[in-house]
Amino acid sequence: MHIHPVGTRALLVELEDLSQVMAWHAALDANPLKDQVDAIAAATTLLLTFATPNSAAAAAEKLQDFHPTAQAGEGPRFVEIDVLYDGEDLDEAAELMGMSREGLIDWHTSTEWLAAFGGFAPGFTYCTPADPAQNFNIERRATPRTAVPAGAVGIAGGFSAVYPRVSPGGWQLLGTTSTPMWESDAHPPALVQPGDRVRYRAVSSLPEVVSTMPFGRRTPARLPRLEVLDAGLLTLFQDQGRPGRGNLGVTPSGAADLAAAATANVAVGNPRGATVLENIGGIRLRALTDAVVCVTGAQSRVLLDDMPVHLARPVLVTAGSTVTVDPATVGLRSYIAIRGGIVADAELGSASTDVLSGLGPAPVRLGDVIGVLPRSTAMTDAQLSNPMRVREGAHGQTEGVLRCVLGPRDDWFTPESLEAFLATEWTVTAQSNRVGVRLVGPEGSVSLGRAREGELPSEGMVAGSVQVPPSGEPVIFLRDHAVTGGYPVIATVLEEDIDIAAQLPPGATVRFELA
C-alpha cells in the first residue's frame with residue numbers, strides 16, 4: 001500500500017489488486033473518515049477526497065495503519081441484462097481471445113460478473129469475472145470511437161460494461177442492450193451497483209423498454225423575473241454541484257469559478273450556493289418584474305439600459321429595463337445572480353449543467369424566461385469586490401499563475417519534463433471547455449516526455465488534475481472532468497486556484513508554480 005497526495009485535499013491509495021480496492025472502498029464507504037467527501041475505486045487504486053487540507057493530512061496518517069474489516073449487510077443483488085450480440089468488434093475480439101464468435105458469446109454469457117466500481121460516466125459500472133480464472137485482458141481499440149451508442153456492451157482490460165448514453169469510447173463492442181442503465185430518480189440511479197452480480201443473456205431481439213420512472217429533472221415552481229434576449233456563446237445554470245457521487249460515475253460539476261458565483265449570490269442576499277447563470281460571450285436580459293441583479297467574474301462592461309454598472313454590485317432592475325453583459329475583455333466567464341435565487345430543473349439534487357455527462361438542465365436559449373424563488377430575507381451587500389484573479393498581460397491577453405502540488409504520477413515523467421512543466425509559459429488552446437483547459441507550449445515546441453512506457457490503469461481524478469496524454473501537452477481538468485482517467489497526472493492545481501483556471505480563455509497564458 002502506498003499513499004500519494006493529490007493536491008492538498010485528496011489522497012490516491014495504491015493497493016495490490018482489485019479485491020483489495022473493493023474491500024477498502026466498502027469499508028470507507030460504510031464508515032467514512034472525518035470530512036471525507038468521496039471514495040472513487042478503480043482497478044488498483046482508491047481516490048479519497050476531503051473537505052479541507054487538514055482532514056486530508058490527518059487521513060493520510062490514519063490510513064497507514066488501516067485494515068478494512070468485512071462489512072455486514074445484505075447479500076449481493078443479481079442483475080440480468082439481455083444482449084443482442086451484434087457488436088461491430090465481435091469477430092475481432094474473438095480473434096484476440098483465440099475463440100470463435102460463438103465461443104466468445106458463450107464465455108460472456110456463462111461468466112458471472114462482479115460489479116467492481118463505477119466511473120467514466122453516470123451508470124457505467126466496471127464488471128470483472130467473479131472467478132479470476134475466467135478473466136481475459138482484452139486490448140482496447142487502437143483508435144477509440146468518437147461516439148459509442150447508448151446500450152453498447154463492451155469489454156476491455158479484463159472488464160465488461162454497458163455504455164449508458166452516447167459517449168466516446170475505445171472498448172471492444174460485443175452487442176447491444178435496451179436495458180436502462182441509469183435513471184436519475186431511481187434509488188439507486190445506477191442499475192448496477194458495486195458488489196452486484198451480473199449475468200448477460202443472449203437474445204435474438206431486444207424489447208422496447210419504456211422507463212416507469214418520472215423524468216430525472218425536477219421542475220419546481222418559480223416566479224418569472226427576466227427574459228433572455230441574447231444568450232451569448234454559452235449560458236448555463238450552475239450551483240455548488242453534486243459532490244460525493246463519484247462511485248456512480250458522477251463528477252461534482254458546479255460553477256467553474258466558485259468564488260465569483262458565491263460573490264454574486266451574497267451581493268443580492270442569496271445563499272452562497274444558490275443557482276446562477278454562468279455565461280461566455282455576453283448576455284442580454286429584460287426584466288419582466290422588478291429584480292435585483294449582480295454580475296461578477298470576467299472583466300466586462302455591464303449596462304443597466306445605457307448606464308454602466310460596477311461588477312459585484314447589486315442593482316435594482318425595474319420592469320422593462322435591460323441588463324447587458326458584454327463579452328469579456330479579461331477572463332472568460334461571467335456570473336449573474338438574481339435576488340431570490342434562480343430556479344432551474346434539478347437532477348440528483350443540483351441544477352448544475354454537466355457538459356460531459358449531460359446531467360442537469362439544457363443550456364439557456366434566446367426567449368427563455370429565468371424564474372426565481374418567491375422570497376428573500378437576507379440583506380444585499382454593496383461592499384464586495386469582484387474576486388477575479390487573472391490579469392491582462394503585456395500583449396493584451398489574459399494571464400494567470402496556478403499553484404500546484406506535483407503528482408500523484410510525477411514519477412512517470414523525466415526530470416527534464418518536470419523542469420519544463422514549471423518553466424514553460426503555456427498557452428490555452430481553442431479546444432478547451434468546462435471539462436478541461438488544453439495547453440500548448442510556445443509554437444508547440446514543448447512536449448512532456450515520460451520516464452515510463454506502457455499504459456496507466458484508469459484511476460480517480462479531481463478538478464485541478466493536470467493530465468498529460470501521449471502528445472505531451474498538458475490538460476487541466478475543470479469541474480466537469482471525467483471521474484476516472486487513464487493518463488498520468490503530473491501535478492494537481494490547488495482547489496483554491498481552480499477558479500483562476502476557469503477564467504483562462506483561448507489564447508491566455510499560464511504558468512505553474514509549486515505551492
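1. In this predicted model, the contact between helices H3 and H4 is formed from the H3 side by Leu90, Asp91, Ala93, Ala94 and Met97, which meet Arg101, Leu104, Ile105 and Trp107 of H4. By residue class, the contact comprises seven nonpolar and two charged residues, with no polar ones.

2. The geometry of this helix pair may be stated as follows. H3 covers residues 90-97 and H4 residues 101-110; their axes come within 9 Å and cross at roughly 85°. H3 is therefore roughly perpendicular to H4, since crossing angles of 65 to 115 degrees fall in that class.

3. An open sheet of four strands is arranged in the order S1-S2-S4-S3, and its pairing is antiparallel. The edge positions belong to S1 (2-6) and S3 (36-41); each has a single partner strand, so one side of each lacks a neighbour in the sheet. On average, neighbouring strands here are turned by 20° against each other, direction ignored.

4. Within that sheet, S1 and S2 (residues 10-14) run antiparallel and are joined by five bridges. In this region His4 stands opposite Leu12 of S2.

5. Helix H1 (residues 18-30) lies across S2, S3 and S4 (45-50), and runs at about 25° to S4. Helix H2 (residues 53-63) packs on the sheet with contacts to S1, S2 and S4, and its direction makes about 20° with that of S2.

6. A further open sheet has five strands in the order S15-S16-S23-S18-S21, again with antiparallel pairing. Which strands stand at its edges? They are S15 (234-238) and S21 (315-317); each is paired with a single partner strand, so one side of each has no neighbour in the sheet. From one strand to the next, the twist averages 30°.

7. At one end of this order, S18 (residues 291-299) and S21 run antiparallel and are connected by three bridges. Val292 stands opposite Leu316 in S21.

8. Helix H5 (residues 258-267) lies across S16 (276-280), S18 and S23 (330-338). The helix runs at about 155° to S18, and is therefore roughly antiparallel to that strand, as angles over 145 degrees are classed.

9. As to annotation, an unreviewed UniProt entry lists residues 1-192 and 247-515 under "domain: Carboxyltransferase". In the model, the span 247-515 is 9% helix and 32% strand, and its end C-alpha atoms lie 29 Å apart.

Technical notes:
Residues numbered from 1 in each chain as written. Predicted model: local features only at pLDDT ≥ 70, side-chain atom pairs only at ≥ 80, totals over all residues. Heavy atoms only, no water. Axes fitted to C-alpha atoms, helices over the stretch in contact; angles between N-to-C directions. Helix = DSSP H or I, 4+ residues; strand = E, 2+ residues; numbered from the N terminus. Parallel < 35°, antiparallel > 145°, perpendicular 65-115°, else oblique. Contact = heavy atoms within 4.5 Å. Nonpolar A, V, L, I, M, F, W, Y, C, P; charged D, E, K, R; others polar. Pairing = 2+ DSSP bridges. UniProt positions renumbered as here; feature names shortened; annotations may be inferred.
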